[in-house]
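Below is a short briefing on one protein model. It covers a helix pair, a loop residue and the confidence of the prediction.

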Amino acid sequence: MLSTVQLVCALIMGILSVELFSRAWLGFLGVIAEIVLYCRKKRDGQTVLSRLGTYCGIALLCSLLLIFFFHLYLVRFGLGKTEVEQMFYFLSSCLGFVFILKDIGNRIDALFHVDQDDDDM
């Protein structure tokens, strides 16, 4: 019989994995957006380098945290092996994905937004 702690861990891991993956992916998209904006002469080199460092850092940090938490969850604690745990993980990740999905368009558009200060170049 599964304990409540195992099911709560599966729920937390489902939401956490979707959140970290989406942040890592948006960091990667931010790098691409900055390169595109630089090639179109919408950003200067100093701003691009600063933002590239930020987006690369976010992508790297979230990716490494995702790997670390999966290692803890699956290898270190040995969780996620039963069908019930996997179902709880799946349902919570789907729920987290729904919340991420409803705002993803605005987040991607914000990556390509050029501030007024940057227009004066």
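In this predicted model, helix α1 meets helix α3 through Gln6, Leu7, Ala10, Leu11, Met13, Gly14, Ile15, Ser17, Val18, Glu19 and Ser22 on the α1 side, and Val84, Glu85, Phe88, Tyr89, Ser92, Ser93, Gly96, Phe97 and Ile100 on the α3 side. Contact means heavy atoms within 4.5 Å.

**Helix pair**
- By class, this contact of α1 with α3 has 11 nonpolar, 7 polar and 2 charged residues.
- The axes of α1 (residues 4-39) and α3 (residues 83-101) come within 7 Å of each other and cross at roughly 35°.
- Axes are lines fitted to C-alpha atoms over the stretch in contact, with angles from 0 to 180 degrees between N-to-C directions.
- Helices are DSSP runs (H or I, at least four residues), numbered from the N terminus.

**Arg43**
- Arg43 lies in the loop between α1 and α2 (45-76).
- Arg43 is buried, at a relative accessible area of 2% (buried means under 20%, with a 1.4 Å probe and protein chains only).
- Its side chain makes a polar contact of 2.9 Å with the side chain of Glu34 (a pair of N or O atoms within 3.5 Å, one able to donate a hydrogen and the other to accept it).
- The Arg43 side chain also reaches the backbone oxygen of His113 at 3.1 Å.

**Confidence**
- The mean pLDDT (the predictor's confidence in each residue, from 0 to 100) is 93, and 94% of residues reach 70 or more.
- Confidence is highest in α2, at a mean of 97, and lowest in helix α5 (residues 116-119), at 53.
- Where pLDDT is low, the predicted coordinates should not be read in detail.

**Basis**
- Local features need pLDDT of at least 70, side-chain atom pairs count only at pLDDT 80 or more, and totals for chains, interfaces and linings use all residues.
- Residues are numbered from 1 along each chain as its sequence is written, and side-chain values use heavy atoms, with hydrogens and water left out.

Definitions and conventions:
Helix = DSSP H or I, 4+ residues; strand = E, 2+ residues; numbered from the N terminus. Nonpolar A, V, L, I, M, F, W, Y, C, P; charged D, E, K, R; others polar. Buried < 20%, exposed > 50% of the residue type's maximum accessible area, 1.4 Å probe, protein only.
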